[in-house]
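Me: I am new to this structure and would like to learn how to read its features one at a time. Could we look at it together?

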Amino acid sequence: MQKIEAVIQPSKLDAVKDALVELGILGITIFEVRGHGRQKGHTEFYRGREYAVDLLPKIKLELFVTDETAEKAIQAIITAARTGRIGDGKIFVSKIDEAIRIRNDERGEIAL
Amino acid sequence: MQIPCGNDNQKADGLGVRATDDKITNDETMRAEYERRMVGICRDFEGDGDGLVAIAVRTALVDELVGRLWAAEMDADSSLAKGIVVVAVGGYGRGHLFPYSDIDLLFCAEKGEAEAAKDAIRRVSQALWDCGMRVSPGTRKLAECERFSAENAEFGLSLLDRRLVAGDVTVFSKLEEKVRGKLMVRDAKAIRTELAALTRERHAKYGDTLFHLEPNVKDCPGGLRDANVCGWLRLLQVSPDAEGEEFEEAVAFLASTRCFLHYRHERDDNALDWRAQDAAAEQGIGLVGRRKPGGVDAAYWMRVYFRHARVVERCLLHEFEANGLAPAPVGLRRIKLAGSSGFRLKDGHLMLDAAGESDPAAEPEIVLALFAAMAATGARLAAESEQRIANAVPRLSANLEEGPGLWRALCEILCGERAGAALRAMHALGLLELILPEFHGIDALVIRDAYHRYTVDEHTFVVIDTLHGLETDAGPDAPEWRVKFRSMLRELQSPGLLYLAALLHDTGKGRVGGDHALESVGLAKSVLARLEMDAYDSALVLRLIAIHLEMSAALRRDIFDADTVRGFAGRVQTHELLRMLTLFTYADIQAVHPDALTPWKAENLWRLSMNTATQLDRNVDEERVHARGKDERIVRVLELLRGREAEAERFVEGFPERYLKTRPPEAIVQHFEMTTRFEAEPFQISFQYGAAMSEITLVTVDRPRLFSGMAAALAAWGMNVVTADAYANQAGVVVDSFRFTDTFRTLELNVSERERFVESVRDLLAGRASVEKMLSGRRRGKRKTPRVSVVTKIDFDETASSHSTLLQVVAQDVPGLLRAMSVTLSALGHNVEVALVDTEGETAIDVFYLTHGGQKLDGDQENELLRELLEAIEENAR
């Protein structure tokens with residue numbers, strides 16, 4: 001089992017969601033986040049007033065998948081979220097030791 | 001004295017129950033009887049739909065079974081006949097046992113008898129549970145029933161609806177004495193206070209509104225629980241008044257609906273979801289003559305539901321007020337009312353003058369002024385005045401005059417900080433629909449999507465509440481983004497237009513099919529025509545309604561992407577509309593449900609607005625009209641000028657697209673027609689007077705000092721320019737428009753001066769009058785100390801246009817500023833290719849696209865201009 005965390009452009013959320021649903025992945029947690037990576041922030045002017053755009057709006061997805069599905073999910077996210085420009089985001093993958101369904105104590109991949 | 005138990009026949013045929021060793025068999029028998037008779041109640045309800053009868057019959061059935069069970073216990077143990085009584089309390093005590101309601105039983109003992117009876121109590125409760133009833137038994141001594149405790153308010157309240165079911169009637173008499181003589185007298189105030197607190201807490205859970213898309217018929221405001229609260233408050237009064245027929249009808253409707261929901265959900269679930277709404281409408285639940293084949297439309301049925309819920313809510317408010325429980329209106333403002341206003345403000349209530357002195361039906365202006373005072377102060381409408389207005393509404397239309405007067409009155413209501421409350425009150429009385437029949441289509445309208453929480457009309461009022469909330473909820477803990485939106489609200493030139501657009505933006509949802517924004521535009525057009533609003537204001541309101549969803553849609557795209565911003569800016573076109581749309585979008589999202597506007601979304605909205613504002617200033621000069629492209633707007637202009645298409649094409653060719661997009665085709669045609677009269681008069685001027693804002697437009701052939709001449713002429717007349725723009729086409733025809741306020745009310749108080757004003761501008765442009773002479777005679781008003789001090793900031797941008805230099809000046813908005821700047825530009829020989837003049841509150845933000853000798857400005861020229869402008873602005877401000 002693997003945990004996939006992806007930070008993407010908000011405008012790509014629908015496309016990524018659709019791509020994951022197409023793979024049969026229905027359980028996704030979505031967070032509205034702000035931050036910056038290499039894209040960094042910058043200063044802009046609004047009608048004579050200066051303001052800092054240091055933390056940019058992003059969407060963070062979190063999903064837990066079987067080892068078998070993980071690569072397909074990663075590819076689906078990449079394909080749907082990529083524009084080729086700075087700020088497209090990142091994907092982080094980590095191993096999960098156990099998953100437990102609270103309702104009936106099912107364990108392992110069946111609980112995903 | 002004992003309560004008679006079930007009759008002998010029942011016992012003989014095995015329906016009676018005794019606490020004996022054949023308990024199981026007998027319990028099963030009782031269960032079978034209970035189920036059979038419950039099926040009968042259900043069948044009767046399906047037949048006549050009478051919820052009040054159904055709950056009364058179930059109550060009687062349960063009374064009978066409890067009576068029999070307790071009688072059997074007494075038969076088995078005669079000591080139970082004295083000192084203990086079985087009392088129905090809560091909903092059961094009221095006789096309101098809905099099909100799946102819990103059964104609240106109180107075993108009340110005179111002293112310690114309950115301890116000895118605990119096995120009997122357990123057996124009775126068990127038997128009822130085994131029958132399929134959800135019993136909540138409680139055991140108390142008499143002494144425990146005479147005090148109300150806020151910690152156990154539920155028990156104290158349940159005692160208000162006590163009813164003898166079985167057992168020792170003398171104990172019940174003593175209970176009556178305790179409750180009536182002590183609890184309801186000594187603790188009446190504490191009970192009322194607790195009731196009010198519990199009610200407010202429950203209402204807050206439902207957003208303090210009854211207009212939910214899927215209301216809970218028991219707990220929502222206007223639901224059965226509120227009806228109960230009314231009943232309890234009346235019980236606690238010394239001389240209780242009945243609520244009246246309307247209230248009784250509402251309770252009957254709600255009771256039938258709750259019965260229906262219980263049967264439908266097969267449990268105590270009172271949520272009126274969409275499917276239940278459809279089914280209830282199909283069966284005509286609660287309606288007179290419900291057997292209509294096919295039932296009624298669900299939207300109609302829900303309107304009936306909301307009408308009844310409103311009655312209950314209003315009765316509750318009156319009960320609260322009568323008992324001194326209504327919270328003082330938050331932030332009640334003081335206003336000064338003229339002696340002859342026709343109403344007065346007393347103790348937080350607005351009331352019409354005595355019936356002999358004023359007739360609301362004959363004096364609609366008094367009624368509207370009263371609601372404006374309500375919106376301004378947050379005061380409530382006194383019950384007697386409310387009733388008089390309700391009675392007057394059918395006759396009011398005969399005396400209601402439309403036109404600017406009505407708009408002024410409506411605008412005053414809309415701009416009051418408590419406009420939402422005033423509009424809701426007007427809506428409930430039918431007054432809002434009288435003024436705006438277009439609102440009727442969304443009255444209590446349920447739109448079925450999983451996103452919205454309220455009915456369309458309530459959503460509309462919440463939008464208006466949310467906008468005013470930017471000012472009224474401006475505590476020190478307000479998030480940063482709210483502070484930003486608040487300053488944007490303060491920058492609006494005519495906030496009334498934003499509120500009007502908000503009021504009308506979803507009226508199109510009342511029409512079947514089609515794009516609701518466009519349907520709303522169609523309805524708004526008729527409203528604006530009746531209010532006789534000027535063309536500029538009308539265009540702004542209509543445009544805002546037409547694109548009211550577009551900013552939300554743009555937020556779903558990449559708001560930092562240049563194409564997204566350019567595309568969105570192309571839809572908005574002006575700063576004023578952008579500000580209005582930003583604020584509207586903020587309020588519209590917030591009004592969907594309380595958690596819809598996350599700080600993340602609010603921040604993105606603000607950023608999109610800023611990016612768009614920058615885009616609006618930077619791209620005007622580059623995006624020019626090409627008539628051969630046959631843009632939709634050009635096609636409409638050409639249609640209006642059929643037979644002269646070639647000349648019309650030459651006219652529009654080369655204007656910035658902004659010109660075409662910010663003017664209706666009729667205005668462009670008017671400008672074109674003005675060009676055909678150049679031979680007779682080279683300086684064509686159109687002037688439109690407006691009480692709030694006037695507009696003057698010059699159409700002529702480009703020449704030096706035109707823009708500065710206009711600015712000087714306006715300054716000389718004491719006019720304060722709020723917005724202006726200047727555009728030129730490829731053939732060198734310029735269209736300069738200025739919208740301004742009349743500082744000294746010269747044109748308002750002297751109608752004959754309007755013509756002289758236009759002539760004077762023309763004379764100045766033609767060189768027949770001297771700018772200096774006019775300015776020397778200028779009246780100079782006393783400068784007010786600005787609320788916000790704005791530091792002058794001047795920027796140049798050589799990249800915004802391929803052939804001109806962009807100059808942006810941000811400065812304190814003071815009269816004469818535009819003249820001072822434009823004269824400086826002229827004096828240095830710079831040509832204004834495009835001008836965009838805007839005012840945000842006390843900040844003037846003026847953008848000029850300049851050329852010098854047909855070229856961009858070089859570094860030296862920019863430095864020189866910077867120095868001269870700073871000096872001129874400073875000089876003008878003195």
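Me: In which sense do S6(B) and strand S7 of chain B pair, and over how many bridges?

Reply: Strands of a sheet pair through backbone hydrogen bonds, and the pairing is either parallel or antiparallel. In this model, which is a predicted one, S6(B) and strand S7 (residues 380–381) of chain B pair in the parallel sense, over 2 bridges. Within this pairing, His349(B) stands opposite Arg380(B) in S7(B).

Me: How does strand S5 of chain B run relative to strand S6 of chain B?

Reply: Strand S5 (residues 343–346) and strand S6 (residues 349–352) of chain B run antiparallel and are joined by 4 bridges. Arg344(B) stands opposite Met351(B) in S6(B), while Leu345(B) has Leu350(B) as its bridge partner in that strand. S5(B) and S6(B) form a hairpin with 2 residues between them, and in the turn Asp347(B) has a positive phi of about 50°.

Me: What is the order of the strands in this open sheet of 3 strands, and what packs on the sheet?

Reply: The order is S5-S6-S7 (chain B), and the pairing is mixed. S5 and S7 of chain B stand at the edges with a single partner strand each, so one side of each has no neighbour in the sheet. Helix H15 (residues 383–396) of chain B packs on the sheet, where it touches S6 and S7 of chain B, and its direction makes about 50° with that of S6(B).

Me: In what order do the 4 strands of the other open sheet in chain B come?

Reply: That sheet has the order S3-S2-S1-S4 (chain B), with mixed pairing. Strand S3 (135–141) and strand S4 (163–167) of chain B are at its edges, each with a single partner strand, so one side of each is left without a neighbour in the sheet. From one strand to the next, the twist averages 30°. Strand S1 (residues 84–88) and strand S2 (residues 103–109) of chain B run antiparallel and are joined by 5 bridges, with Val86(B) standing opposite Phe107(B) in S2(B).

Me: Which strands do helix H6 and helix H8 of chain B lie across?

Reply: Helix H6 (residues 118–131) of chain B lies across S2 and S3 of chain B and runs at about 160° to S3(B). Helix H8 (residues 169–186) of chain B lies across S1, S2 and S4 of chain B, running at about 60° to S1(B).

Me: At what angle do helix H19 and helix H20 of chain B pack?

Reply: Two packed helices are described by the angle between their axes and by the distance between the axes. Here helix H19 (residues 456–472) and helix H20 (residues 480–490) of chain B pack at an angle of about 100°, with their axes 9 Å apart. H19(B) and H20(B) are therefore roughly perpendicular to each other. Leu467(B), Leu470(B) and Glu471(B) of H19(B) make the contact with Arg482(B), Phe485(B), Arg486(B) and Leu489(B) of H20(B). The residues of this contact divide into 4 nonpolar, no polar and 3 charged.

Key. Residues are numbered from 1 along each chain as its sequence is written. Chains are lettered from A and ligands numbered from 1 in the order in which they are written. This is a predicted model: local features need pLDDT of at least 70, side-chain atom pairs count only at pLDDT 80 or more; totals for chains, interfaces and linings use all residues. Two strands pair if DSSP finds at least two bridges between them. Two residues are in contact if their C-beta atoms, placed from the backbone, lie within 7 Å. Axes are lines fitted to C-alpha atoms, for helices over the stretch in contact, and angles run from 0 to 180 degrees between N-to-C directions. Angles under 35 degrees count as roughly parallel, over 145 as roughly antiparallel, 65 to 115 as roughly perpendicular and the rest as oblique. Ala, Val, Leu, Ile, Met, Phe, Trp, Tyr, Cys and Pro count as nonpolar, Asp, Glu, Lys and Arg as charged, and the others, Gly among them, as polar.
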